[in-house]
Amino acid sequence: MDMPSLFPTPALSVSELTRLIRSLLESEPALSEIWVAGEISNFTRAASGHVYFTLKDSGAALKCVIWRNAARTLRVPLQDGIAIEAFGSIGVYEQGGNYQFYVTAVRPAGEGYLYQQFLRLKAQLEAEGLFAEERKRPIPTFPRRIGVVTSPTGAALQDILNTLRRRYPLVEVILAPSAVQGEEAPLELVQALNALNRIPDLDVILLARGGGSIEDLWAFNDEGVVRTVAASRVPVITGVGHETDFTLVDFAADLRAPTPTGAATLATPDRAELLIQVERTLQRLNRLISQRVNLESARLNQLESRLQRASPVRRIEDNRQRLDNAILRLQNTAARLIAQRQAHLQALNAHLSALNPLAVLERGFALIEHPEGGILTRAAQAQAGETVRIRLADGALTAKVEHVLLKPEKGVE
C-alpha cells in the first residue's frame, strides 16, 4: 500500500497547467510553420474580421483561426466542405483550454503536389537553357500584326482588345482561339501557337488568360506548351493569371506581363504618347524648315546680288555712267578751254585794238596813203603835185600836194 509523501508536490492551477502546455507546444519546432490538409467545417467569419473553422479528415478534427489581417490577403475562397491545405503553427487558447491551429496562408488541396511538379519541370527546362536570357528577343516597337492565343469567350480577350483599341488602333489582331484550362487545353494551346507561327509578317504573339488557382493555370505549366513557346518563331508575351501568378510559359516567353491587359500594354506603344511625340517632331521640323528657308533665302539674296554685280546689264549701266561722267568732264574741260581761249582772244583783240592805227582816227588823226599804195609816214615820201588820199575816221579825202616841207635835221641850223 502506497503511503502518502510527507512532502506532497504542490498542485498546479488550471491556468498554470494550460500555460505550461502552451509553452511546450509553441516552442516545439515541429509544430510551427507546417502545412496541414483537411476539409473545412463549421466555417464562421466574425464581425471583427477573424475567421474560425474546423479542419477535419476521417480520423480527427483541428480547430483553426485566421486573424483578420491574414484573412484579408487570402486568395482562396473558404467555405464548408472544401478541401484545403493550411499553413501556420499550433498554439493554445488558454481560456477554452483548447489547442488550435493559427493559419496564415491557405491553398487548395493538392496544390503542394502540383507545386512540386512545377519546380521539378522548371529545373529540368532551365537546365536545358529554355529560360536563358540570351534567347529572349526584343518586341517590335510598332507592331502591325498581333496574334492572340486565349479563350474566345473569356474576359481576358476583351481586356486585350480594349487595351489595343485604346493604345494602338492601327494594329491588326489575329485570334487563335484555345481552351485555357482543362485536359484539352495544352493540346489546343500548342496548336494555336503553331498556327500563328505559320502566318507571315506576324510581329508578336500574346498568350493570355485571367487569374485562377494553380489547377486552373496548370495548362500553362505543360511541358509541350512551354517548349512550343520557347521554339516560337514570333516573339511571345505572356499575360497569364494575376500579378502574383507565375507559370512556366512566363519563363520561356520573350517577355512576361502580370495580366492580359499588361501583355497588350507591353506589346504596343501608347497612342497618346505617340501623338505628343508627333506634335513635338512637327514643331521641331517646322523650326528646322523655317531656319533652312531663312538660310537659303539669305544665300539666294547673296547670289542674286553677286549675279547683279556680274550681270552684263549692270556692266553696261556702269559703263554708261562712266561714259556720262567722261562726257561731263570733257564738256567741262572744253567749256573751260573755250572760256580760257575766249578770254585770251579778248585780251589779244583789246591789245590789237590798242595797236590799230585806225583807232587813232577817232581822236582826230588822219592817214595819208600814197597813190601807189602804202601809208606815208614821212614827208619825204611825197612829192609836190602828187595826189594823195587822206583817210579820216568817217571817210576819205583826195588832196594834191602843193609843197613838201621837210623838218630840219638835228644839228643843222
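This is a predicted model: local features need pLDDT of at least 70, side-chain atom pairs count only at pLDDT 80 or more; totals for chains, interfaces and linings use all residues.
1. Residues are numbered from 1 along each chain as its sequence is written, and side-chain values use heavy atoms, with hydrogens and water left out.

2. Have a look at α5 (residues 185-197) and α6 (residues 223-230): they pack at about 15 degrees with axes 8 Å apart. Helices here are DSSP runs (H or I, at least four residues), and strands are E runs of at least two, numbered from the N terminus. Axes are lines fitted to C-alpha atoms over the stretch in contact, with angles from 0 to 180 degrees between N-to-C directions. The pair is therefore roughly parallel (angles under 35 degrees).

3. Who touches whom? α5 brings Pro186, Leu189, Val190, Leu193 and Asn194, and α6 answers with Gly224, Val225, Thr228 and Val229 (contact means heavy atoms within 4.5 Å). By type, that contact has six nonpolar residues, three polar and no charged, with Gly counted as polar.

4. UniProt, in an unreviewed entry, puts "domain: OB-fold nucleic acid binding" at residues 12-106; such annotations may be inferred rather than shown by experiment. In the model, that span is 19% helix and 46% strand, and its end C-alpha atoms lie 38 Å apart.

5. Alanine 335 sits in α10 (residues 312-355). Its relative accessibility is 45%, so alanine 335 counts as partly exposed (between the 20% and 50% cut-offs, 1.4 Å probe, protein chains only). From threonine 163, alanine 335 is 172 residues away in sequence and 99 Å away in space, C-alpha to C-alpha.

How values were computed
Angles under 35 degrees count as roughly parallel, over 145 as roughly antiparallel, 65 to 115 as roughly perpendicular and the rest as oblique.
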